[in-house]
Amino acid sequence: KWPETGRLALYLLGLRATCPPPDPSAQRSLVTWLKYHLEEDWAGSRRHGRPLTSYYQYSLGVLALCVHRKRVREEVIRRLLTAEHHGRFGHAGGGATDTEAVAALAFACLEREQLVGSRLAAELRAAARGARRRMVEAQSPDGFFGNVYSTPWAMQLFIATNACQTQPAYGRAMAVLLENLDAFTAAATMAQALPVLHGRSYLDIASMRCQEELDTLTPLSPQPLPAMPGNVTVRLVVECPEPRCPQRRLYDRPLPAPAGASLLDVLSVATAQGPHNFTFDTRDTPQGPFLTQVLGLEARPQKRLYWQLLSAPNTSLPMGVADYRPRDGETLILRLSEW
């Protein structure tokens with residue numbers, strides 16, 4: 001089974017960054033597959049006028065092809081431009097800074113690598129600048145662009161468009177990023193933040209001179225998080241909107257958990273607390289476990305359904321189920337939502 005668009009795109013970005021052996025046949029095959037997935041991604045949901053997966057994955061695919069200096073059909077590019085012009089990157093939980101940033105990075109890459117004509121290049125340049133301007137305007141008081149994980153994506157856009165030295169918003173974002181580095185525990189999220197800490201973006205991968213790269217990678221053994229004494233009580237609520245679920249609130253119960261436990265640990269506690277027969281399931285992704293099913297209700301990408309993670313009353317969690325550490329007395333909501 002071949003990876004979906006986003007995962008294959010991330011793999012190709014990582015492959016290019018590791019300076020693979022000179023034989024290009026394997027890379028060429030993967031690039032061909034990515035082009036195929038981009039077309040299938042759109043064709044699978046053509047009547048809705050959007051990718052079957054998401055604009056985030058679609059943008060990653062265009063960015064990965066550009067970094068490998070492969071031309072992208074103008075129609076594929078214009079699909080992203082149209083979505084950017086009409087503000088289609090948002091979802092039910094609010095904005096989508098990461099999607100807009102990845103799309104803008106793809107635009108900047110296509111222009112820089114001169115993979116498009118002059119007229120389209122001008123449109124892409126304007127779109128990237130517009131995305132950057134909106135991020136500055138929407139920067140939160142604490143300095144984040146969106147949340148802790150979308151912030152490195154936005155910062156990469158500032159770096160790629162040579163705006164990090166002249167834009168105060170970038171400095172504020174760097175300060176808050178440095179204060180929250182412990183949030184980046186998954187390989188994929190680390191890979192988004194590390195280039196920023198060195199003043200680089202994914203666009204720099206395209207111009208790497210591999211013969212000058214030293215083999216300095218050494219494996220690290222992850223250290224377990226220190227145990228924290230005591231227990232916390234977390235209220236877990238599961239919601240499903242009408243008319244899909246007439247009763248709407250499917251689960252509402254306080255749960256004990258060890259101090260420092262993750263939301264994933266809390267869900268495991270819920271499965272052992274009868275007689276409610278709480279069930280859930282996850283799927284491994286590069287960003288960590290992704291919640292796919294709760295109480296028999298599935299997150300279905302083809303139906304644009306996902307499990308939204310919230311801190312009551314309506315604050316989206318900045319981390320995934322394996323990384324978020326609930327506070328004592330906090331109410332956490334799992335809400336089946338449409339993006």
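In strand S8, Thr331 is the bridge partner of Arg235. The pair belongs to a set of 5 bridges that join strand S1 (residues 231-239) to S8 (residues 331-338), and the two strands run parallel. The model is a predicted one, in which local features need pLDDT of at least 70 and side-chain atom pairs count only at pLDDT 80 or more, while totals for chains, interfaces and linings use all residues. Residues are numbered from 1 along each chain as its sequence is written, and side-chain values use heavy atoms, with hydrogens and water left out.

S1 and S8 are part of an open sheet of 5 strands with mixed pairing, in the order S2-S1-S8-S6-S7. Strands S2 (249-258) and S7 (315-316) each have a single partner strand and stand at the edges, so one side of each lacks a neighbour in the sheet. Two strands pair if DSSP finds at least two bridges between them. Helices (H or I, at least four residues) and strands (E, at least two) are DSSP runs, numbered from the N terminus.

Helix H8 (residues 168-179) has 12 residues and reaches 17 Å from its first C-alpha to its last, close to the expected 16 Å; the expected span is 1.5 Å times one less than the number of residues. Its buried residues are Ala169, Tyr170, Ala173, Met174, Val176 and Leu177. Buried means under 20% relative accessible area, with a 1.4 Å probe and protein chains only. Cover for these residues includes helices H6 (118-138), H7 (150-160) and H9 (187-197), where contact means heavy atoms within 4.5 Å.

The protein has 10 helices and 8 strands, and buried residues make up 46% of its 339 residues.

How values were computed
Buried means under 20% relative accessible area, exposed over 50%, partly exposed in between (1.4 Å probe, protein chains only).
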